[in-house]
Each structure stands twice: as structure tokens, then as C-alpha cells.
Amino acid sequence: MDSGDCTLTVVAVDGSGNSNQTATIVDINKIPVANFTYLPGNPKTMDAVTFDASASCDPDPKGHIVAYSWNFGDIGDGNRTTGTDAMITHSYATEGYYVVSLTVTDDKGAAGSMIRMISVTSPRGDLNHDGVITSADAVIVLEMAARGG
Ligand SMILES: [Ca+2]
Ligand SMILES: [Ca+2]
């Protein structure tokens, strides 16, 4: 991948929250650009969701990404995994909205991040919302029928 595939904006922020875009970068390592997609686009609970970070890149002609760090946003303060492959799968146990963040690290140790919001829904018929359809869901159907629906 050549450097023309990357868009890079460096924004410096001081302790007071003031920011300033830096236009001149000469002979220093450029931070890598994180980007990812996921499939299926409308995942359901317990689906193996494939996250693909192969669109990430390092603007430096000879630079490359050495690590992909994910926070899938579930389980307490997140569910963190770091690997060297751009592709990873993850499944969600419960429905909801999750903030997924990806941080890529380049060969010089610089890091870039991006986040996406992912919506996970329950499969049809999962009446007790535990992510799987089991006899427990059928029991709920029977109870609803017994109450006269
Ligand atoms: Ca770089
Ligand atoms: Ca269920």
C-alpha cells in the first residue's frame, strides 16, 4: 500500500483543551491510521462477528502496522485483545449498543485509533434475551398461551 492511500491529520491539544492542527511534519514517524469494518452488518447475539482492520495503514512508505489492539466494549469496562492479525472474530452475549475501539501500532511504536458503535440484537424467538434460543424460550411461549395471550 502506498502512502497516497492514507489521510493524516495531526491535532495537538494542550492541557486547557486548545487544539492546533500541525501542518509541517518533516522526517519524523507518521502515526498509523486505524480503520475497520465488521460483518455481519447487523449482528445478533452469539454471532461470530468478523472485525477486519486490513484497511488500516501507516502513511510512512516503509512503515507498517505491527499490532492491532481491540476493545470490544462488552464485559465491564471492555474486552481487550491485542494481536498481529488484522482479522479477528468476537461474539456478544447480550443485545445492546457497544463502542468498539481499534488502536493500531506501527513499527516505530506510534499508535492511531478509531471507534465505531455496533448494535447487537437478539435472534427472533429469544424471549428471555439470553442470546440463544432454548427450551426456556419455549416455556415462556407456553406461559403466555396459558395466560390467554
Ligand atoms: Ca509510521
Ligand atoms: Ca433465550
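**View 1. Strands S4 and S7 in the predicted model.** In this predicted model, strand S4, which spans residues 49-52, runs antiparallel to S7 and is joined to it by 4 bridges. Within this part of the structure, Phe51 stands opposite Ile88, a residue of S7.

**View 2. The open sheet that holds S3, S4 and S7.** The sheet is an open one of 3 strands, arranged in the order S3-S4-S7 and paired in antiparallel fashion. Strand S3 (37-39) and strand S7 (87-90) each have a single partner strand and stand at the edges, so one side of each is left without a neighbour in the sheet. From one strand to the next, the twist averages 25°.

View 3. Ile65 belongs to strand S5, which covers residues 65-71. With 21 other C-beta atoms within 10 Å, Ile65 counts as buried, because the cut-off for a buried residue is 20 or more. When neighbours within four places in sequence are left aside, Ile65 is in contact with Pro32, Ser56, Asp58, Val104, Thr105 and Asp106. Pro32, one of these residues, lies 33 residues from Ile65 in sequence, while the two are 7.1 Å apart in space, taken from C-alpha to C-alpha.

**View 4. The protein as a setting for the close-ups.** The secondary structure comprises 1 helix and 9 strands, which follow one another along the sequence in the pattern β-β-β-β-β-β-β-β-β-α. The protein has 149 residues, of which 20% count as buried. Of the contacts between residues at least 6 apart in sequence, 56% join residues that are at least 24 apart.

Conventions:
Residues are numbered from 1 along each chain as its sequence is written. Chains are lettered from A and ligands numbered from 1 in the order in which they are written. This is a predicted model: local features need pLDDT of at least 70, side-chain atom pairs count only at pLDDT 80 or more; totals for chains, interfaces and linings use all residues. Helices (H or I, at least four residues) and strands (E, at least two) are DSSP runs, numbered from the N terminus. A residue is buried if 20 or more other C-beta atoms lie within 10 Å of its own, exposed if 12 or fewer, and partly exposed in between; C-beta atoms are placed from the backbone. Two residues are in contact if their C-beta atoms, placed from the backbone, lie within 7 Å. Two strands pair if DSSP finds at least two bridges between them. Axes are lines fitted to C-alpha atoms, for helices over the stretch in contact, and angles run from 0 to 180 degrees between N-to-C directions.
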